[in-house]
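Please read the model below with its sequence alongside. The paragraphs after it go from single residues to the whole chain.

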Amino acid sequence: MLIPKQKTPFLKDGIEVLHAKTNKWISEIEFIKIEQNFLKEMLSEHIISLCEMENFKTAKLFLNGVEHEGKLGAKLLADIQDHKMNLALLMENIYLKKEDDFRKKHEEIKIEIFNYIQNFKYIKEQVFKLVLHIMKKEKAQKLLSK
């Protein structure tokens, strides 16, 4: 006769590890927010004015992408902070019956953060490529004008 698999208890150390991961996520999102502000400033104040028509549309698209990701990041940060608070309550044994729900929520947020970071890295890479392209063009034009 097979004995049904019992749920493993959510050990206090396990909760503390999840709580630490949540703190790390908050730190990552806050750093990305700084990077987003830098990219927005660079694009809006310095790059767009240097762009020719073909690159202007691309730069504007990237600027909109960075702004959109910023809004998503703010929502994600709020979700993470809410999750962190729930984990803290779980560590105090207040939410014992909801342990599985918090585990599921943690995994959902983990996936969201992974996707968010990957999307931001892609946008950042594209912005850097555009800036590099514009800088090389500008340098070539300066050399030609001498």
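Glutamate 69 has a relative accessibility of 6%, and it counts as buried because the cut-off for that class is under 20% relative accessible area. The model is a predicted one, and the values here are computed from it. Glutamate 69 sits in helix α2. Setting aside its neighbours within four places in sequence, glutamate 69 is in contact with Gln36, Tyr116, Asn119, Phe120 and Ile123. Isoleucine 117 is 48 residues away from glutamate 69 in sequence, yet the two C-alpha atoms are 9.6 Å apart in space.

Two packed helices are described by the distance between their axes and by the angle between them. Sorted by class, the contact of α2 with α3 has 17 nonpolar, eleven polar and seven charged residues.

Helix α1 can be followed through two of its residues. Histidine 19 lies in helix α1 and, with a relative accessibility of 16%, counts as buried, since that value falls under the 20% limit. What does histidine 19 touch, not counting residues up to four places away in sequence? The residues are Lys84, Leu87, Ala88 and Met91.

Glutamate 41 is also found in helix α1, which comprises residues 12-47. Is glutamate 41 buried or partly exposed? Its relative accessible area is 43%, and it is therefore partly exposed, a class that lies between the 20% and 50% limits. Between glutamate 41 and leucine 63 there are 22 residues of sequence separation, and their C-alpha atoms are 9.2 Å apart.

The chain as a whole can now be described. The protein has three helices and zero strands, in the order α-α-α along the sequence. Of the contacts between residues at least 6 apart in sequence, 81% join residues at least 24 apart. Buried residues account for 33% of the 146 residues. The accessible surface of the protein is about 10,500 Å², and carbon and sulfur atoms contribute 60% of it.

Definitions and conventions. Residues are numbered from 1 along each chain as its sequence is written. This is a predicted model: local features need pLDDT of at least 70, side-chain atom pairs count only at pLDDT 80 or more; totals for chains, interfaces and linings use all residues. Side-chain values use heavy atoms; hydrogens and water are left out. Helices (H or I, at least four residues) and strands (E, at least two) are DSSP runs, numbered from the N terminus. Buried means under 20% relative accessible area, exposed over 50%, partly exposed in between (1.4 Å probe, protein chains only). Contact means heavy atoms within 4.5 Å. Accessible areas come from the Shrake-Rupley method with a 1.4 Å probe; for residues, only the protein chains shown count as cover. Ala, Val, Leu, Ile, Met, Phe, Trp, Tyr, Cys and Pro count as nonpolar, Asp, Glu, Lys and Arg as charged, and the others, Gly among them, as polar.
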